[in-house]
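Visitor: I've got a model open on my screen and some questions to go with it. Could you walk me through it?

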Amino acid sequence: MARGHQKLQSQAKTQEKTAKLKKQQGHSATEQKKAAQKALVHACAVCKAQMPDPKTYKQHFENKHPKNDLPVELKDVVA
């Protein structure tokens, strides 16, 4: 049963390594998602897609909704 003991040791060692790596990274996936979600401040009036800045929003609106009138907040944005 020597292999059983080696297996347990190997698993414990791997758990320690992964715990150390997580500490070094600092941010978990959920924290990254929350931060990314905060960056998406502009929402399309037609399809509710979210964009990080007005320039991207204007490009989206012109490409995806060409038949609709441009919203007032995008008229002065230079793309």
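This is a predicted model: local features need pLDDT of at least 70, side-chain atom pairs count only at pLDDT 80 or more; totals for chains, interfaces and linings use all residues.

Visitor: Let's start with the overall layout. In what order do the elements of the protein chain run from the N terminus on?

Guide: The protein chain has 3 helices and 2 strands. Reading from the N terminus, the order is α-α-β-β-α.

Visitor: Is the chain spread out or compact, and what is its radius of gyration?

Guide: The C-alpha atoms fill a box of roughly 75 × 20 × 15 Å along the principal axes. For the 3 helices and 2 strands of this chain, the globule rule would give 12 Å for 79 residues, and the actual value is well over that, so the chain is more spread out than a compact globule, with a radius of gyration of 24 Å.

Visitor: What share of the 79 residues is buried?

Guide: The accessible surface of the protein chain is about 6900 Å², and 55% of it belongs to carbon and sulfur atoms. Among contacts between residues at least 6 apart in sequence, 2% join residues at least 24 apart. As for buried residues, their share of the chain is 13%.

Visitor: How far apart in space are Tyr57 and Cys44, C-alpha to C-alpha?

Guide: In sequence, the two are 13 residues apart. Cys44 is also on the list of residues that Tyr57 contacts. From C-alpha to C-alpha, the distance is 7.0 Å.

Visitor: Which residues make up the largest nonpolar core?

Guide: In soluble globular proteins, nonpolar side chains tend to be buried together. Here, both Tyr57 and Phe61 are buried. Leu74 touches both of them, along with Pro54 and Lys58, not counting residues up to four places away in sequence. The core has 6 residues: Cys44, Met51, Tyr57, Phe61, Leu74 and Val77.

Visitor: And His60, is that one buried or exposed?

Guide: His60 has its place in helix α3. Not counting residues up to four places away in sequence, it touches Cys44, Cys47, Ala49, Met51 and His65. Its relative accessibility is 15%, so His60 counts as buried.

Visitor: Last one, about the cysteines. How many disulfides does a search of the whole structure find?

Guide: Cys44 is buried at 1% relative accessible area, whereas Cys47 is partly exposed at 38%. The sulfur of Cys44 has its closest cysteine sulfur in Cys47, 3.7 Å away, which is too far for a bond. Cys47 is in no disulfide either. For the whole structure, the number of disulfides found is 0.

Terms used. Residues are numbered from 1 along each chain as its sequence is written. Side-chain values use heavy atoms; hydrogens and water are left out. Buried means under 20% relative accessible area, exposed over 50%, partly exposed in between (1.4 Å probe, protein chains only). A nonpolar core is a set of buried Ala, Val, Leu, Ile, Met, Phe, Trp, Tyr and Cys residues joined through side-chain atoms within 4.5 Å. Contact means heavy atoms within 4.5 Å. Helices (H or I, at least four residues) and strands (E, at least two) are DSSP runs, numbered from the N terminus. The radius of gyration is taken over C-alpha atoms; the globule rule is 2.2 Å times the number of residues to the power 0.38. Accessible areas come from the Shrake-Rupley method with a 1.4 Å probe; for residues, only the protein chains shown count as cover. A disulfide is a pair of cysteine sulfur atoms within 2.5 Å.
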